[in-house]
Amino acid sequence: MNGRGNAMLHTDVPYYTQLHHVLSDLLRDIAQVFPRHSVFFATHDGVTNTIQQVDDQVGLAIPEGYTEPFQQSLCRLAAAATAKVVAIPDLTAHADTRSHPFTLQCGTGSFLGAAVTHPDGSTMGSLCLISDEPYSFTDREEKWVGSLARMVSGVIRMEQGQVRDGLTHQYHANVLPPMFQEMAARDAGILLFVISINDFQWINQQNGCEQGDQLLRTFAQVLQEEFSAKAVPSRIEPDTFVVMLPCAEDEHPEHRARTLASRFLHHIHSTPFRMKDRDQYVQINMGISYYPKEDTHFEQCLETARKRMKRAKQLPAGEHMVDSDEALLVSEREFRLRNDLNHDGLYQQLCLQYQPQVHLADRSMQGVEALVRWNHPSYGWLAPNIWIPIAEAYGHIHAIGKWVIRQGCIDMLAYGAQHEPIDLAVNISPLQLREADFAEQVLAIVAEVAFPADRLVLEITETLLLEDHAHVMNNLQTLRSRGIRIAIDDFGVGYASFHLLHKFPIDILKIDRQLSRPLTSPANKKIVSALLELAYSLGMHCIVEGIETAEQHAFYQQYDNYWGQGYYYHRPVSPDELPAL
């Protein structure tokens, strides 16, 4: 197992000890001296730059937790100049910033950044000021901000020894209760995992403490990589780890826990650790508890998860406890589906159906959404919610996603040869967009099939607006620059990231079907109308999903510039049935 190396800071978790208060005070003081600038502290791991704390007093929409590719960030300039402060009074006049997205969006601006460094001189982050107006910084101002950055470095170095395990750089057990309390106040729910490495003492005796320490470091890396970026991992005993993971209101915690646990168990039990020039497989046990469904305090959640982890040790390898009276096994069907997703005949069992998207004014078909279906030889037609999560958890979604795009393009070319060409919309998994070369893969398929790029629409989830993974924006911008359009699917009932819409290359908003159903309420009609007006004001196309009744059709028909999709017009059909529509 090869990790990227242990990050010295967990870049998506708020600071709960002295550093959090120090930064809050510092940013507030700096903001008073620079009233025309927003002030922020960012960290990086060499790949991703993450905004940790912000005093956005001039309203530049810099959200805490925002991530961007480090090499494309302004913070990179400060990190590269560890011995001095970088001051740019006019972003349009500096070679490294005149073409930066911030400069292009604002037309001008100013920036000052100071590196926050490790003892060895490498940078862990930066303390920065930014404005959409030019500003000439004085020598005294530059020196003052530089001194504050050095103070932040000292506080971080001091704090790391108090709150982090020196071997794995994960949190100590004593800082988990306040972190749990903060997470509980902020998020709808928390999943708490307790994970134990079986027979670790024996592994240490057989291979030596140095090799045992390396196994723990690598295990901690894998733990961080396999769980969400918002997870809080810690090492509470020599061979035992805890992961706390926040859940949003619209998430199903049990389903998410099962998916993460199964994926992590599969990874650990199937991938060897390298020890003494040979491969060493390890076994783990896991217990999971839920806040606030089961327990209301950290100690209760931890004890419940511990008990389940200990009970899991009495079960066959690979099982883990989820509910108080249930040992979660990968079910026979799930195990079968996991294996069948690897089977060479999979793509003879998959097929596409197409749901038409019609113009609301005259109900003419303008495009279709491709929907993948699996006709399993034993289970028959499987709903996507049964097998798509398994495909995502075990890495099959990338190949399946490319097959859907290629087959959809082929089907639409055949349709367009006999009829008026229409648009093809394809749903894209977030995992696909996180691939560095995803855009190139799509463009290669479009070129291979000779499908018009301007007829292809890729539908992404609303949550990606908040996640902003390092490769997501690059992929979206590359695809859009080549004519492929981007749609936000199921918009309006999830995170409703209105303030982020203008930052992403979005062409189409798809209004979620849940907003179409209760149109008897005047308030709901106003909400839907506002969303449609929002799309129009941002220059975006709009598609209303889930139109199933004449009443819904009549309401939306007044917006005759938009499209609709739903059973009132057409159910999904096979490619052969499409021409009859």
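Tutor: Let us begin with Leu-215, which is located in helix α7, residues 209-226. Helices (H or I, at least four residues) and strands (E, at least two) are DSSP runs, numbered from the N terminus. The model is predicted: local features need pLDDT of at least 70, side-chain atom pairs count only at pLDDT 80 or more, and totals for chains, interfaces and linings use all residues. Residues are numbered from 1 along each chain as its sequence is written, and side-chain values use heavy atoms, with hydrogens and water left out.

Student: Why does Leu-215 count as buried?

Tutor: Buried means under 20% relative accessible area, exposed over 50%, and partly exposed in between (1.4 Å probe, protein chains only). Leu-215 has 3% relative accessibility, so Leu-215 counts as buried.

Student: Which residues is Leu-215 in contact with, leaving aside its neighbours within four places in sequence?

Tutor: Contact means heavy atoms within 4.5 Å. With those neighbours left aside, the contacts of Leu-215 are Ile-197, Phe-200, Ile-203, Phe-273, Met-275 and Val-282. The C-alpha atoms of Leu-215 and Ile-203 are separated by 9.5 Å, and these residues are 12 apart along the chain.

Student: How many aromatic pairs does the structure hold?

Tutor: There are 13 aromatic pairs.

Student: What makes the pair of Phe-219 and Phe-241 tilted?

Tutor: Rings of Phe, Tyr and Trp (its six-membered ring) pair if their centres lie within 6.5 Å; planes under 30 degrees apart count as stacked, over 60 as edge-to-face and the rest as tilted. The ring centres of Phe-219 and Phe-241 are 5.0 Å apart and the planes are at 45°, so the pair is tilted. This pair links distant parts of the chain, with Phe-219 in helix α7 and Phe-241 in strand β9 (residues 240-247), 22 residues apart. Phe-219 is buried, at a relative accessible area of 0%, and Phe-241 is buried at 0% relative accessibility. Tyr-568 and Tyr-569 form an aromatic pair that is edge-to-face, with 5.3 Å centre to centre and 80° between the planes.

Student: Is Tyr-568 buried or partly exposed?

Tutor: Its relative accessible area is 25%, so Tyr-568 is partly exposed. Tyr-569, with 8%, is buried.

Student: How do you know that Arg-571 lies over the face of Tyr-567?

Tutor: A charge sits over a ring if NZ of Lys or CZ of Arg is within 6 Å of the ring centre and within 35 degrees of the ring normal. Arg-571 lies over the face of Tyr-567 at 4.0 Å from the ring centre. Likewise, Lys-293 lies over the face of Tyr-290 at 5.9 Å from the ring centre.

Student: What joins Arg-306 and Glu-237?

Tutor: A salt bridge is a side-chain nitrogen of Lys or Arg within 4 Å of a carboxyl oxygen of Asp or Glu. Arg-306 and Glu-237 form a salt bridge, their closest N and O atoms being 2.9 Å apart. The pair links distant parts of the chain: Arg-306 is in helix α9 (residues 298-312) and Glu-237 in strand β8 (residues 232-237), 69 residues apart. Arg-306 is buried, with a relative accessible area of 18%, whereas Glu-237 counts as partly exposed at 32%.

Student: How many salt bridges does a search of the whole structure find?

Tutor: The search finds 11 salt bridges.
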